[in-house]
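This briefing accompanies the sequence and the three-dimensional model displayed below.

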Amino acid sequence: MKKLFIIANWKSNKTIIEAEKWLHDFHDKFVSENIDLSNKEIIICPSFTLFERAHYYSKNLNLPIKFGAQNISPYDVGAYTGEVNGKQIKEVADYVIIGHSERRDNFLENDEMITKKLDMTNRYNLCPILCISEPAQISKIRSQSQNLKLQNLIIAYEPLFAIGSGTPDTPENAEKIMQNIKKELRDVPVLYGGSVTSENIKGFTKMSNIDGTLVGGASLDPQEFLKIIKNA
Ligand code: PGA
């Protein structure tokens, strides 16, 4: 059975109290439904302000989840006001989302910036979840980043029209794109992202080249996120 990655991207949502409630509700439902996670890796990506409490609760509640950051500084430790660097992230997370289209659009991140961030994940042994909206972006980034290690990389294909729109890509179309990506990247896990819900998840995860999903809006509700995990 293939391993599935189910990743929650909370984006810029939730206060500490709201995150605590999410974790408690997730735990209660998880325990009562006895969900089988033997082939599933669950990764939660909260805002930086939430990590400390999220760790505390996930440890106390013994939750089978890992953590990812939503961003990483392109620079190392030092005088870079406002940035959170790879060394700091390594203390709280194993994964980092990089190249999300919301960062390209709202914060003008380009391939050069994304390459620098990938290099930082490599330096601190973090696994990048590299988001792309076009497969061609991969070759471009690969040609710029000498440090991209295929054995420590997850790709998330997220077509722009599908993000937050309620209109996902079709599983058949996503599968075709994943197939092409895998011709280049072989064993790298490739995820689908964009308007995933508990209703449509199975259509994607049953495809042989789709190794999981990056979930935005639907991950904010713990009941719905658990349904996604269950139905995947
Ligand atoms: P969405 O977001 O599930 O709300 O469409 C996905 C993403 O942006 O990663």
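**Briefing on the predicted model**

Lys 117 is found in helix H5. The model that holds this residue is a predicted one. At 3% relative accessibility, Lys 117 falls under the 20% limit and is therefore classed as buried. Apart from neighbours within four places in sequence, Lys 117 is in contact with Asn 71, Ile 72, Ser 73, Pro 74, Ile 98, Arg 103 and Glu 109.

**Overall architecture**

- The chain contains nine helices and eight strands.
- The C-alpha trace extends over about 50 × 45 × 30 Å along its principal axes.
- The radius of gyration is 17 Å, which agrees with the value near 17 Å for a compact globule of 232 residues.
- Buried residues make up 53% of the 232 residues of the chain.
- Among contacts with a separation of 6 or more, 75% join residues 24 or more positions apart.

**Surface and charge**

- The accessible surface of the chain is about 11300 Å², and carbon and sulfur atoms contribute 48% of it.
- The chain carries 28 positive and 29 negative side chains.
- The centres of these two sets of charged side chains are 4 Å apart.

- Lys 40 belongs to strand S2, which covers residues 40-45.
- With a relative accessibility of 13%, Lys 40 is counted as buried because the value is under 20%.
- When neighbours within four places in sequence are left aside, the contacts of Lys 40 are Leu 4, Ile 229, Lys 230 and Ala 232.
- Between Lys 40 and Leu 160 there are 120 residues of sequence separation and a C-alpha to C-alpha distance of 26 Å.

**Helix H6**

- In helix H6 (residues 136-144), the buried residues are Gln 137, Ile 138 and Ile 141.
- The exposed residues Ala 136 and Ser 143 are on the face of H6 turned away from its buried side.
- Helical cover for the buried residues of H6 includes helix H4 (101-106), helix H5 (111-123) and helix H7 (171-185).
- Strand S5 (127-132) and strand S6 (154-157) are also among the elements that cover the buried residues of H6.

**Helix H2**

- In helix H2 (residues 51-60), the buried residues are Phe 51, Ala 54, Tyr 57 and Ser 58.
- Viewed down the axis of H2, these buried residues fall within an arc of 135 degrees, so they line one face of the helix.
- The face of H2 turned away from the buried side bears the exposed residues Glu 52, Lys 59 and Asn 60.
- Cover for the buried residues of H2 includes helix H1 (16-33) and strand S3 (66-69).
- Asn 62, which follows H2, has a positive phi near 55 degrees.

**Positive phi in loops**

- Most residues other than glycine have a negative phi.
- Asn 125 is not a glycine, yet its phi is positive, near 55 degrees.
- The loop between H5 and S5 holds Asn 125.
- Asn 125 has a relative accessible area of 53% and is exposed because this value is over 50%.
- Ser 195, also not a glycine, has a positive phi of about 60 degrees.
- The loop between strand S7 (190-193) and helix H8 (201-205) contains Ser 195.
- Ser 195 has a relative accessible area of 15%, which is under 20%, and is therefore buried.

**Loop between S6 and H7**

- Thr 170 is located in the loop between S6 and H7.
- Thr 170 and Asn 200 are 30 residues apart along the chain, and their C-alpha atoms are separated by 9.6 Å.

Note on methods:
Residues numbered from 1 in each chain as written. Predicted model: local features only at pLDDT ≥ 70, side-chain atom pairs only at ≥ 80, totals over all residues. Heavy atoms only, no water. Helix = DSSP H or I, 4+ residues; strand = E, 2+ residues; numbered from the N terminus. Rg over C-alpha atoms; globule rule 2.2 N^0.38 Å. Buried < 20%, exposed > 50% of the residue type's maximum accessible area, 1.4 Å probe, protein only. Contact = heavy atoms within 4.5 Å. Areas by Shrake-Rupley, 256 points an atom, 1.4 Å probe, with all protein chains shown as cover. Lys, Arg positive; Asp, Glu negative; His and termini not counted. Charge placed at Lys NZ, Arg CZ, Asp CG, Glu CD. Arc of directions from axis to C-beta.
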